[in-house]
Amino acid sequence: MAKTIRAKAVPIQPGLFGPDYDRKSRLLPLIDEQKDISYYAAPAKNVLNPPETTGMDFWSLNPYTGCAFGCTYCYARYAHRYVMERASDARRMEDPLAEKYAQMPPWLAFERNIFVKTNAPELLSRALRHGSDKHRQLLGGQAILIGSATDPYQPAERRFRVTRGVLEVLAMHPGLRIVIITKSPLITRDVDLLARISRHSTLSVHISLITLDRELARKLEPRSPTPESRIRALTRLRAAGIDAGINCMPVLPGITDNPRDLDALVKRVAEAGATYVGACALRLRGSAKQRYLPFIETEFPHLARSYRATYGHGHEAGARYREGLAMFFERTCAKYGVRASSRIRDGDGDDAVPVGGVGADMLQLELLTAT
Ligand code: SF4
């Protein structure tokens, strides 16, 4: 059995979070502002969420709540709402935050008010205490996914370094299975730590990339790093011997599913050394739907009817579309010698009941792959 290298707690330095930071305070103090984004210290009670509470088959850890990258299709907006409502119920919000929240739709609050889990490394260190139940379960092979509901390398990380603190704790505990999902080349700042973790644990970095088209990416993921910078990050991680691949998720029907473009994407990332490519079609639930469907009406009005028919009363594309997509990726990955990976983030399984087919204008990929 793997042994703990050094199981000491990693202390958080209160000074790092500004003069207003007070661990005992019930308020969520403002600790930084950048342009239109506000950052609040939000020490968590738990940071390692077990599979039972998330309904997914892995543990998840999110150093932040909210995400400044603001992807139009982001499914994680619900998590922010819970925090806001809990904070509001417990009267933990400072007046200016409550005011700001009241003035913007929840989907926008997710992008503009970021909660920093200032004590995440400390909590993780406690949770992984040698011999604890969590430590035993994790040594048994269950994965920890960092970034299931936020990007752990969004701009906040440059300043607050919570993700780095989390990795420092993980580096002390060999024998774990760790997955990191990000869109940001900032992850290469931590190459030293990632390489160290890789020597004792199984580590895989998933870089999200749904298109090579810079302008299209800017429209869909307004504040995310460019596609080229993500591919450069992939190259650097691979050069450091770190397992890294691409999540082409979600594939957006009628927008990013042109087979020629996807073929070029798989080719490009295979050349950059990706160890796998994972893909799945867009799924849309509650708060994500409230943001994405109006966006389609405005930016892609010719697709609005098809999207309404497909996602208006359900959450996923039709079965034929999903099957066509899976076949396409398997074939394309084989062509470029890269492994096609099954999705990790998706807890719904393939047996979900399809709700309606996709419109004719969304069938380009299906037509090419169904032969
Ligand atoms: S990077 Fe991920 S968490 Fe952040 S907005 Fe985009 S999809 Fe959501």
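This is a predicted model: local features need pLDDT of at least 70, side-chain atom pairs count only at pLDDT 80 or more; totals for chains, interfaces and linings use all residues.
As a whole, the protein has a secondary structure of 16 helices and 11 strands, and of its 371 residues 57% are buried. Its accessible surface comes to about 16,500 Å², and carbon and sulfur atoms account for 51% of that surface. When contacts between residues at least 6 apart in sequence are considered, 80% of them join residues that are at least 24 apart.

In soluble globular proteins, nonpolar side chains tend to be buried together. Here the largest nonpolar core holds 92 residues, and the members that touch the most others are Leu170, Ile255, Tyr292 and Tyr307.

A pair of aromatic rings is described by the distance of the centres and the angle of the planes. The structure has 7 aromatic pairs in its count, and in one of them the ring centres of Tyr292 and Phe295 are 6.0 Å apart with the planes at 35°, so this pair is tilted, as the angle falls between the limits of 30 and 60 degrees. Both residues belong to helix α13 (residues 286-299), where Tyr292 and Phe295 are 3 residues apart, about one turn of the helix, and both are buried. A further pair, made by Phe328 and Phe329, is edge-to-face, with 5.6 Å from centre to centre and 85° between the planes. Phe328 counts as buried because its relative accessibility is 7%, and Phe329 is likewise buried, with a relative accessible area of 4%. Ring pairs also link Tyr292, Phe295, Phe300, Tyr307 and Tyr311 into a cluster.

Charged side chains lie over some of the rings as well. Lys219 lies over the face of Phe300, at 5.1 Å from the ring centre, while Arg291 lies over the face of Trp107, at 4.1 Å from the ring centre.

Charges also meet one another, and a search of the whole structure finds 20 salt bridges. In one of these, the side chains of Arg112 and Asp36 come together at 3.3 Å, N to O. This pair links distant parts of the chain, with Arg112 in helix α4 (residues 106-112) and Asp36 in the loop between β1 (30-34) and β2 (37-41), 76 residues apart. Arg112 counts as buried because its relative accessibility is 17%, whereas Asp36, at 36%, counts as partly exposed.

Another salt bridge joins Lys335 and Asp263 at 2.7 Å, N to O, and here too distant parts of the chain are linked, because Lys335 lies in helix α15 (residues 319-336) and Asp263 in helix α12 (residues 259-271), 72 residues apart. At 53% relative accessibility Lys335 counts as exposed, while Asp263, with a relative accessible area of 17%, is buried. In the salt bridge between Glu316 and Arg322 the closest N and O atoms are 3.7 Å apart, and both of these residues are buried. Finally, salt bridges that share partners join Glu157, Arg164, Glu168, Arg189, Asp190 and Asp192 into one network.

Technical notes: Residues are numbered from 1 along each chain as its sequence is written. Side-chain values use heavy atoms; hydrogens and water are left out. Rings of Phe, Tyr and Trp (its six-membered ring) pair if their centres lie within 6.5 Å; planes under 30 degrees apart count as stacked, over 60 as edge-to-face and the rest as tilted. Helices (H or I, at least four residues) and strands (E, at least two) are DSSP runs, numbered from the N terminus. Buried means under 20% relative accessible area, exposed over 50%, partly exposed in between (1.4 Å probe, protein chains only). A charge sits over a ring if NZ of Lys or CZ of Arg is within 6 Å of the ring centre and within 35 degrees of the ring normal. Contact means heavy atoms within 4.5 Å. Accessible areas come from the Shrake-Rupley method with a 1.4 Å probe; for residues, only the protein chains shown count as cover. A nonpolar core is a set of buried Ala, Val, Leu, Ile, Met, Phe, Trp, Tyr and Cys residues joined through side-chain atoms within 4.5 Å. A salt bridge is a side-chain nitrogen of Lys or Arg within 4 Å of a carboxyl oxygen of Asp or Glu.
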